[in-house]
Amino acid sequence: MSYLVATDGSTESDEAVRYAARQAVAFYETLEIVHVLTPESELVDGTIVLPGEEAAVESGEAVLDTARSIAAEAVGDESIDIETQLLTGRPATALTEYADENPVEAIYVGHRGLTEEREQVVGSVAKSVVDKADVPVTVIR
C-alpha cells in the first residue's frame, strides 16, 4: 500500500507533501507523489495536438523533483520510499482514477482556500477529490 500526495508546486501542495511524508514514515508506507499535467489541446486537421508537450513534461518533472526533495527533508534521517508519477487530465479525476487502479491507502492534497465566489467559478480540486475518492482524503491548508 502507499500514500498518494498531489503536488502542483504551490505552497499549499508543498505542505501536503511534508505532511504526507511524515505520515508515510510513521506508518511504514511508500509515498507516491503525483503531478497532473493539464495541457491545452488543439484540433489540427482532425488530429489532437498538445502544443508545448515537451515543456509541460519538463516542468512537471521539475515539480516532482522539488516535491521529492521536500518530502526527504521533512522526514530528516528517517528512511522513506518515494515514487513519483506524472498523470494527465483533469486533476481530481486523474488522482482518484490513479488511486482506484493502484494500491493507494490514502490521498493527501493541498487546498488554497479560495474565496467562495472564486471556487464557484473554478471549482476546487481538493473538494472534487473528496467527493470522488474511495479512500480517505486529507486536505491540508
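Colleague: Which side chain of opposite charge is nearest to Glu-29, and how far away is it?
Modeller: In this predicted model, Glu-29 is buried yet has no salt bridge. A salt bridge requires a nitrogen of Lys or Arg within 4 Å of a carboxyl oxygen. The nearest side chain of opposite charge lies well outside that cut-off: it is Arg-68, at 16 Å.

Colleague: Which residues are in contact with Glu-29, leaving aside its neighbours within four places in sequence?
Modeller: Glu-29 sits in the loop between α1 and β2. Leaving aside neighbours within four places in sequence, the residues in contact with Glu-29 are Met-1, Ser-2, Tyr-3, Ala-24 and Glu-105.

Colleague: Which residue in β5 is the bridge partner of Leu-37?
Modeller: Strand β2, residues 30–37, pairs with β5 in the parallel sense over 7 bridges. Leu-37 belongs to one of the bridges between them, and its partner in β5 is Thr-88.

Colleague: Which element gives the most to the largest nonpolar core?
Modeller: The largest nonpolar core has 19 residues, and those with the most contacts inside it include Tyr-3, Val-5, Ile-33 and Tyr-108. At least two residues each come from β1 (2–6), α1 (11–26), β2, α2 and β6. With 6 residues, the element that gives the most is α1.

Colleague: Which residues does Ala-71 touch, not counting those up to four places away in sequence?
Modeller: Ala-71 is among the residues with the most contacts inside the largest core, as are Val-17 and Leu-31. Not counting residues up to four places away in sequence, Ala-71 touches Val-17, Ala-21, Leu-31, Ile-33 and Ile-82.

Colleague: How many residues make up the second, separate core?
Modeller: Among the members of this second core are Leu-4, Ala-6, Val-34 and Ile-107. The number of residues in it is 16.

Colleague: How many residues apart are Arg-112 and Asp-8, which link distant parts of the chain?
Modeller: The structure holds 2 salt bridges. In one of them the side chains of Arg-112 and Asp-8 meet at 3.1 Å, N to O. Arg-112 is in the loop between β6 and α4 (116–122) and Asp-8 in the loop between β1 and α1, so the pair links parts of the chain whose separation in residues is 104.

Colleague: Is Arg-112 buried, partly exposed or exposed?
Modeller: Buried means under 20% relative accessible area and exposed means over 50%. Because the relative accessibility of Arg-112 is 49%, the residue counts as partly exposed.

Colleague: By about how many helical turns are Glu-15 and Arg-18 separated?
Modeller: The side chains of Glu-15 and Arg-18 meet in a salt bridge at 2.8 Å, N to O. Glu-15 is partly exposed, with a relative accessible area of 34%, and Arg-18 is partly exposed at 24%. Because they are 3 residues apart in helix α1, their separation is about one helical turn.

Definitions and conventions
Residues numbered from 1 in each chain as written. Predicted model: local features only at pLDDT ≥ 70, side-chain atom pairs only at ≥ 80, totals over all residues. Heavy atoms only, no water. Pairing = 2+ DSSP bridges. Helix = DSSP H or I, 4+ residues; strand = E, 2+ residues; numbered from the N terminus. Core = buried A, V, L, I, M, F, W, Y, C linked by side-chain atoms within 4.5 Å. Buried < 20%, exposed > 50% of the residue type's maximum accessible area, 1.4 Å probe, protein only. Contact = heavy atoms within 4.5 Å. Lys, Arg positive; Asp, Glu negative; His and termini not counted.
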